[in-house]
Amino acid sequence: MPRPAPNTLRWDGRPGHYEVYYLTLTDGASGVGVWIRYTMTAPGQAALWFVAGDPVQGVIARKALCPLDELQATGGELRIGHSVLSDRGAAGGFEDVAWDLRWTPSRRSYKHVHPIAERLGLVQSVLELPHADLTIEGVVSYAGARLELQGARGAQAHIWGSKHADNWAWVHCNDLSDARGEPVRDAFVDAVSVCAHRGGREIGPFTPVVGRFGERDFLSTSPLRVLTNWSSYALTGWRFEAVAGARRLIAQIDAERDRLAGVTYHDPMAAPRIATTPRLPRSGYTCTSERRAWAGGRTPRRSKPEAEPTSSTRSARRCPTRSCT
């Protein structure tokens, strides 16, 4: 049976399912970050989410609920009401927000869940990046502001499953620069660290990481790596280490509390949960191999994470009590 295209809607009409398509972008010229989501929950509703982190206006967040029958997926397009998403762009709007965006599709997709884990049903959600490293053109409008994008950096992702994790941290970054401040192209990192309850106790974090550095893919998604990658996160910070072959990725993410947006996630047939999403977090990373070291990312603002990965704490991976996504 052929594998579905990465952006194919997985919902088969039955209850107990949720699905999310989201676009995230950073405009280097203005410093604005934007997060747009097309979502559905069965039973439940479809929804459109829009969050902008503006250095001048602060955080702008909007959400529109729609009947589930306004969700349509045909001809390579997903529609919720009048808002559309395809492999080449996204357009839509509601209230005082709107977007009309276009991009050239990425060459390949990246998946955080290993095929073995997915086949065995070991995960309740699957995350895939149909377009991991995009250059985005177009227009975004919000709260009276109009932002024309030329070469904004971003990505588009697809999530589906039966239940969100109990708490998690997530980061995507492809607006990268080297030590001289020069842009680094054909490079990105996308990581998630999740905790879940099994048998009455919390387990994790499980930390799959995908990326591309030095013209080579970085795939730390095998069951062994997901279990052993070190991770520690809190509301405004995250530190993790991931290994892929002979290479190790060390990353630190810091988010300012006053630039967080609080959102509520709904699981099928379950109580809602609250999470936060930072716009334009500060981040830094280093990727090393047996032969060379290659570093980049935004200059990190040093902060104290929950635990540093020293020889005595590296195995002490911690599940926090609050989500950071």
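Predicted model: local features only at pLDDT ≥ 70, side-chain atom pairs only at ≥ 80, totals over all residues.
Hi everyone. Let me open with a definition: a charge sits over a ring if NZ of Lys or CZ of Arg is within 6 Å of the ring centre and within 35 degrees of the ring normal. We find another case at R108, which lies over the face of Y110, 4.0 Å from the ring centre.

Let's go inside next. The largest nonpolar core has 35 residues, and those that touch the most other members are Y38, F50, W99, L101 and Y142. Which strand gives the largest share of this core? That is strand 2, residues 32-42, with six residues. There is also a second, separate core of 22 residues, and Y110, L127, F188 and V263 are among its members.

Please look at W99 for a moment. Leaving out residues up to four places away in sequence, W99 touches a list that includes I36, Y38, F50, F94, V139 and V140. Ring pairs also tie W99 into a cluster with Y38, F50, F94 and Y142.

You'll find F94 in strand 8, residues 89-94. Is F94 buried or exposed? It counts as buried, because its relative accessibility is 11% and the cut-off for buried is under 20%. Again skipping residues up to four places away, the contacts of F94 are L48, F50, R62, K63, A64 and W99. K63 is 31 residues from F94 along the chain, and their C-alpha atoms are separated by 8.4 Å.

On to the aromatic pairs. A search of the whole structure turns up twelve of them. One is Y110 with F188, an edge-to-face pair with 5.0 Å centre to centre and 75° between the planes. This pair links distant parts of the chain, as Y110 is in strand 10 and F188 in strand 16, 78 residues apart. Y110 and F188 are both buried. Another edge-to-face pair is W168 with Y265, at 5.2 Å centre to centre and again 75° between the planes. Here the link runs from strand 13, which holds W168, to strand 23, which holds Y265, and the two are 97 residues apart. Both W168 and Y265 are buried as well.

The largest pocket holds about 910 Å³. It is lined by 36 residues, and V113, V123, S125, V194 and F206 are the closest to its centre. Strand 16 supplies the largest share of that lining, five residues. Helix 2, residues 223-228, is one of the elements that each supply at least two lining residues.

Finally, a few backbone details. Where are the cis peptide bonds I'd like you to see? One joins A42 and P43, with omega about 0°, and P43 lies in the loop between strand 2 and strand 3. Another runs from G204 to P205, with omega near 5°, and P205 lies in strand 17.

For E95, phi is near 50°, and E95 sits in the loop between strand 8 and strand 9. E95 is exposed, because its relative accessible area is 64% and exposed means over 50%. For A143, phi is near 45°, and this residue lies in the loop between strand 11 and strand 12. A143 counts as partly exposed, at 28% relative accessibility.

Key
Residues numbered from 1 in each chain as written. Heavy atoms only, no water. Core = buried A, V, L, I, M, F, W, Y, C linked by side-chain atoms within 4.5 Å. Buried < 20%, exposed > 50% of the residue type's maximum accessible area, 1.4 Å probe, protein only. Helix = DSSP H or I, 4+ residues; strand = E, 2+ residues; numbered from the N terminus. Contact = heavy atoms within 4.5 Å. Phe/Tyr/Trp six-rings, centres within 6.5 Å; stacked < 30°, edge-to-face > 60°. 1 Å grid on protein atoms, 1.4 Å probe; cavity = no way out; pocket = protein on both sides within 12 Å on 5 of 7 lines; lining within 4 Å. Points joined across faces, edges and corners; volume = space filled by probe spheres on them.
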